[in-house]
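Thanks for coming. I have one structure to go through today, so let me put it on the screen.

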Amino acid sequence: MTRLPLEGIRVFDMSWVGAGPLCGAFLGTMGAEVIKCETAQRLDALRTLAPQTDGVPGVDRGGLFNLINHNKKSCTLNLSHPKGVKLAKQLIGISDVMVESFSAGMLAKRGMDYPALKEIKPDLIMVSVSALGRTGPWRDWIGYGRNLHALSGLSALIGYPGGPPRGLTVQWTDTATGLTAAFAVLAALHHRFETGEGQYIDLSMTEATAAQLIEPIMDYEMNGRVWECVGNRSDLMAPHNCYRCSGDDKWVAISVSTDEEWQALCSAMNVPELARDARFSNIDGRLHHQDELDAIINDWTRQRSQYQAMQVLQDAGVCAGPCLDGESAAKDPHLNDRGFYPEVVHPEMGQRRVIGMPWKLSGIPQVEFRPAPLLGEHNHHVFGDLLQLSTEEISELESQKVIW
Amino acid sequence: MLNNLVVVEYASLVSGPYCARLLADLGAEVIKVEDPSGGDEARRRSPFPGDKPDPEKSGLFLCLNTNKLGVTLDIRMEPGAELFRELLRQADVLVENQPVGWMEQAGFGYDMVREINPRLVMTSVTPFGCTGPYSQYKASELTLFHMSGIGYGTPGRVQDPEVEMPLKPRATQLEFLAGMASAVATMLAILTRRETGEGQHVDVSALEAGALVNWGNAAQYFYAGQNASRLKESQSPTAPLHILPCKDGYVNLECVEEDQWRRLVDLMGRPEWTENELFKDGPSRAQYWDGLEPLLTDFTMQWGKDELSAACQEKRVACTPVSTAADLIGNQHLQERGFFVEMDHPVAGNLQCPGAPFQAEAAPRQIRRPAPLLGQHNEDVFCYRLGRTQDDLKTMRELHVI
């Protein structure tokens, strides 16, 4: 019988959008009962953002929402109503972990900050996910994903050689923070099992991202050097870039770390004179003549599809891989073979794919993925089964827009 | 928080060592096992002070290996293999990032490791994962980054897609993400062991850690059948949502809600051009961004990046500086929160580097010990813990086992 790592753990998840919900998806898929606390008064933005499934709008049709809210339950609670706050506190009282990403001060105003919740549940693990953390002079700053990419130092590292920082539009900080939050929760659960103690975790998205920028930070710390943009290039390897392939905006990434790999690349491209060219015979020469080198490789890659180029080069022992976009990553044979985009059947969206997890545990041969919950889908379970309210009481609270 | 865990690390460069450092930061005892022929490859990676390579002074190595003990051991020959088995018998976790199949050949594949210690969690972090059609392929951080799908969002929309190729950040960010994913998965296995009493094999794919980041573009495809494009015609939904230049660098300025735009207009002193019909709402501003950008730049160029960010934030407008490493180290907010920790290293001296990625009540950010010198704890570990004598140590040194 497969034992999921987090069976018996209940997570009350008051977070929304990207970072917190990703954390909840990891925990839910790994066996925790994750109760997403939402409200119709202020929906999780991912429920209504594009893409809406097949272009038909609805609170239960958000593609982004389904993608990262799988394996959770949903209850609705209006926290601007005192009865809503009371119910939330009762639910936190029977939970092991609470995750939130409200703006600063919101919970304190409702008597739901950590010191108050600790009174209700002494061994609670509470994780606050915020842009810059709950302390420090900039704690009240607001920022969306790209703001935080910029602030954390990541955006400044992305740009063409000698050009301005260009930044990124993918959800890097949400993802890095979601993983970091999951790690924090698991470590805190371990600590609680050992000592009986809960704790408060203050997680800044900026810090979760910046903590991984060790190389530029240490170069500045040691040498006072600030990194400029270098495109895809490296100080250690050449060639080291993306090269144009056949097809609309298709590219292949190639990197060569040794003279042996360089010789292999020349043979694979079938240009023996290149292998004998003294300009490129060692790493210093290749680094010095990168522009010429990149032009030569581009001529070869242009005549091939990105997968053909990868295949020929990998067969020759050269490190190469296609630059994938959303669609080609979704179709990539390796990611699919590993089940990275598992399928769920959602009552409104139908048969759809969600995001998997970047690990496989030998103790869990088959992971079960369940679709994201409908808004308030589990109200009767949460308020009826868990809090022992009668059907009449629940209806009453619904009509008062408390359960809402 | 993880004080009772013993972790053996047999890993190099970033992904495995970062995973073990995350565990070490929270109190786990990490014994880093390096090959006696020169140790972790990161010891040869820049940055170095004054750009002078020195295996004890790599900034990357020093920062990735704080709070660990370090021993040298050739695990492919006896008596090194026996010492490694003894270490594994006392450990809770083994973290490794060798090429797929290498540990099996060395006699330490998971099946063999389970014989040695059935309670051990073995975490393998590899470029593609231990299974699947690419598992034996060569990989670098560059190729993994671009294969994961992120590159079409870095830098996102481009003017001329023929010359502006997909980019990756300078530095090896994907490997760090893989390290964090490994730490999550390792803790899942540790928690499972409480109930089952058994360890397991944890197979982490760096490619998939990267592919996670791409969830926005994946959703476009799975739910709307659209492939997010880098081409400029595919406009952003609103504007500004951009990096703009300042006197001393750049800011990232976002007006996602119309109220935020109105408050930004107030801050700009309501110049006449903001009345232009073309800039009336987000979608329209995005459409006419080419006209709007120079006007906004005239404004942002009058400010310093921190000064402008603070002025915008005062009005609840989401503006932040584009930080360089210098800005991060000098950042009062981060310093006050204790984000940077200080090490006092016997060879490299006093340095600060980023500490744990969050503040946990039960594990304050701190460096208990700097990164180990190559083989620094051989005596502590092999003699005091595993009962070898000084003579044994001498013999092993002569045989290049340690």
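This is a predicted model: local features need pLDDT of at least 70, side-chain atom pairs count only at pLDDT 80 or more; totals for chains, interfaces and linings use all residues.

Let me start with the cores. The largest nonpolar core has 158 residues. Which residues have the most contacts inside it? They are A:Leu6, A:Phe183 and A:Trp359. As for secondary structure, helix α7 of chain B, residues 173-196, gives the most to this core, with 14 residues.

Leaving out residues up to four places away in sequence, what does A:Phe183 touch? The list is B:Leu22, B:Leu23, B:Leu26, B:Met180, B:Ala183, B:Val184, B:Met187 and B:Phe358.

Now the strands. I will take β8 of chain B, residues 249-254, as the reference. Is β8(B) mostly covered or mostly open? Mostly covered: five of its six residues are buried.

On one side of the pairing we have β7(B), residues 241-246, which is antiparallel to β8(B) over six bridges. A hairpin of two residues joins β7(B) to β8(B). The other partner is β9(B), residues 318-321; β8(B) and β9(B) also run antiparallel, joined by four bridges.

If you want one residue to look at here, take B:Val251 in β8(B). B:Leu244 stands opposite B:Val251, and B:Val251 also stands opposite B:Pro321 in β9(B).

That is what I have on this model.

Note on methods
Residues are numbered from 1 along each chain as its sequence is written. Chains are lettered from A and ligands numbered from 1 in the order in which they are written. Side-chain values use heavy atoms; hydrogens and water are left out. A nonpolar core is a set of buried Ala, Val, Leu, Ile, Met, Phe, Trp, Tyr and Cys residues joined through side-chain atoms within 4.5 Å. Buried means under 20% relative accessible area, exposed over 50%, partly exposed in between (1.4 Å probe, protein chains only). Contact means heavy atoms within 4.5 Å. Two strands pair if DSSP finds at least two bridges between them.
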